[in-house]
Amino acid sequence: MNHDQVDLDMELADITDRLLAGQDIDAAEVSPENETAAALVRSLHQMARTASTPSAAYRTRLTQRLQEEWNTQGYSSRRKSGVLSTFPVRRLASIAAILVVALVGIIFVIAYQSGNVSTLGAAHGPLGDTTSLIIAGMAIALGIVGLVIYIRRR
Amino acid sequence: MRVDDDVQLAILAQQGDREAFLTLYNRYLNKVYNRVKSRIPVSDVEDVVQEIFIATIRSLQSFEHRSQFNTWLYTIVNRQIADYYRKRQRTINDDLTVTLDDIENSVASSQNTRENMDEQMALKRALSSIPEHYQQIILLRLVDQLPFAEIAAQRGQSIEAVKSLFRRAIVAIHEKIGDKV
């Protein structure tokens, strides 16, 4: 970074600090390269200074509206403790996804060990044993995911 | 420390503790209000602030405790302000309405006041149209009045880098606004 540039950065920061501290800045103190920037800081400071606090009436209205929203979102009936309610949604979704993959894997292993894999895709009634097992496993996994989401949203 | 405190309150709020949420709301209402007021016409500030806190409740579960609570909250503030300008662009004949809105809000609308309001509107628009990191640095210093050192600590940057960013942000506003102010 150019040395002059650094000086200008420091000067503008100093002008800003002084304006915020309520001091007046004499135009002669500001280097020509910073004149426009200093004027803008002054305008922005002026604008920020006219900012005010919300009225008591508005605050009351807003608090009431937010309490309604809070109840609508079902927070009031939410369990105040417990692992599920403290977990962020993305983490829960990841856990649920891992659970589904793990269950499907386990079912495959069991089916393989019991020698049923060869029946996969073979004509074995409308659904083969392994296929039924997989579907049942996935249904259980989906049930668990559903339950987690239900508890989470309650 | 206050920031940790915010995160603890946010966690409690996520667990359904309404008082924790209200504490955060009371803590940030003035800051959010002033941030919004410095960026949109006065007549719409209250509606937008309400939308921001409603959005905060609705997305409370997405706060993941990794970031500071105020960083997360100000992201919502920025999103709502951007939405506000997007909707406004779609539905309203911009400049004329902005001026009328502000005039309606001004009881004593002298020529001076009007010029002042035009200037402020131009500034608000420019501030809302520069890149977000520029907006943040200006708002942190001039609206929240955080010292440069504290901003540097919060952003994990050197104080020199923050001061340089501040000046670049001001120059960016000047580029948007020209010589209107």
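Is A:His45 buried, exposed or partly exposed? I found that A:His45 is partly exposed, because 18 other C-beta atoms lie within 10 Å. For this I took a residue as buried if 20 or more other C-beta atoms lie within 10 Å of its own, as exposed if 12 or fewer do, and as partly exposed in between, with C-beta atoms placed from the backbone.

Before going on I noted that this is a predicted model, in which local features need pLDDT of at least 70 and side-chain atom pairs count only at pLDDT 80 or more, while totals for chains, interfaces and linings use all residues. Residues are numbered from 1 along each chain as its sequence is written, and chains are lettered from A and ligands numbered from 1 in the order in which they are written.

Entry on the surroundings of A:His45. I placed A:His45 in helix H2 of chain A, where helices are DSSP runs of H or I with at least four residues and strands are runs of E with at least two, numbered from the N terminus. Leaving out residues up to four places away in sequence, I saw that A:His45 touches A:Leu19 and A:Leu20, and also B:Leu142 of the other chain; a contact here has C-beta atoms, placed from the backbone, within 7 Å. I also looked up A:Thr16, which is 29 residues from A:His45 in sequence and 8.4 Å from A:His45 in space, C-alpha to C-alpha.

Entry on the contact between the chains. I counted 38 residues from chain A and 42 residues from chain B in the contact. On the side of chain A that touches chain B, helix H1 (3-20), helix H2 (35-49), helix H3 (56-72) and helix H4 (83-86) each supply at least two residues, and the largest share, nine residues, comes from H2(A). By class this side has 21 nonpolar, 10 polar and seven charged residues, with Ala, Val, Leu, Ile, Met, Phe, Trp, Tyr, Cys and Pro counted as nonpolar, Asp, Glu, Lys and Arg as charged, and the others, Gly among them, as polar.

Entry on each chain as a whole. For chain A I noted six helices and zero strands, with 11% of its 154 residues counting as buried; among its contacts between residues at least 6 apart in sequence, 53% join residues at least 24 apart. For chain B I noted nine helices and zero strands, with buried residues making up 37% of its 181 residues, and with 62% of the contacts at a separation of 6 or more coming from residues 24 or more positions apart.

How values were computed
Contact = placed C-beta atoms within 7 Å.
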